[in-house]
Amino acid sequence: MKIELISFGKIAEFINNQNIEVDGIADTDAFKQYLENQFPALKSMKYKLALNKNIVQENAKITNNTTIAIMPPFSGG
């Protein structure tokens with residue numbers, strides 16, 4: 001499965017935007033676990049995922065050629 005990974009803020013300091021290929025990851029919970037294994041600094045950070053420009057509120061299915069953004073907490077109005 002091909003995934004385009006985009007990161008923002010402090011997370012972009014250690015995860016450059018990239019295209020990755022992963023197998024055996026079907027949903028966002030599994031993908032978060034994969035990311036935290038690849039980038040241990042994420043374990044101590046709060047962050048959200050967006051799947052194809054939609055913020056993930058609960059576990060969601062990931063399909064081939066998905067774009068996933070990793071975003072630090074933000075505020076604003």
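In this chain, the mean positions of the 8 positive and 8 negative charges lie 6 Å apart.

The model is predicted: local features need pLDDT of at least 70, side-chain atom pairs count only at pLDDT 80 or more, and totals for chains, interfaces and linings use all residues. Residues are numbered from 1 along each chain as its sequence is written, and side-chain values use heavy atoms, without hydrogens and water.

Start with the overall build. The chain has 1 helix and 5 strands. Their order from the N terminus is β-β-α-β-β-β. The radius of gyration is 12 Å, close to the 11 Å of the globule rule for 77 residues, so the chain is as compact as a globular protein of that length. That radius is taken over C-alpha atoms, and the rule is 2.2 Å times the number of residues to the power 0.38. Helices (H or I, at least four residues) and strands (E, at least two) are DSSP runs, numbered from the N terminus.

The C-alpha trace spans about 35 × 25 × 20 Å along its principal axes. Of the 77 residues, 32% count as buried, meaning under 20% relative accessible area with a 1.4 Å probe, protein chains only. Among contacts (heavy atoms within 4.5 Å) with a separation of 6 or more, 50% join residues 24 or more positions apart.

Now the sheet. The 5 strands form an open, mixed sheet in the order E2-E1-E5-E3-E4. Strands E2 (18-21) and E4 (54-55) stand at the edges with a single partner strand each, so one side of each has no neighbour in the sheet. Two strands pair if DSSP finds at least two bridges between them.

Look next at strand E1, residues 2-7. E1 runs antiparallel to E2, with 4 bridges. E1 runs parallel to E5, with 5 bridges. Glu4 shows both pairings: this residue stands opposite Asn19 in E2 and opposite Thr67 in E5.

The faces of E1 come next. In a regular strand the side chains alternate between the two faces of the sheet. Ile3, Leu5 and Ser7 form the covered face of E1, and Lys2, Glu4 and Ile6 the uncovered one.

Finish with E5, residues 66-71, which pairs antiparallel with E3, residues 48-51, over 4 bridges. Lys48 has Met71 in E5 as its bridge partner.

Notes. Buried < 20%, exposed > 50% of the residue type's maximum accessible area, 1.4 Å probe, protein only. Lys, Arg positive; Asp, Glu negative; His and termini not counted. Charge placed at Lys NZ, Arg CZ, Asp CG, Glu CD.
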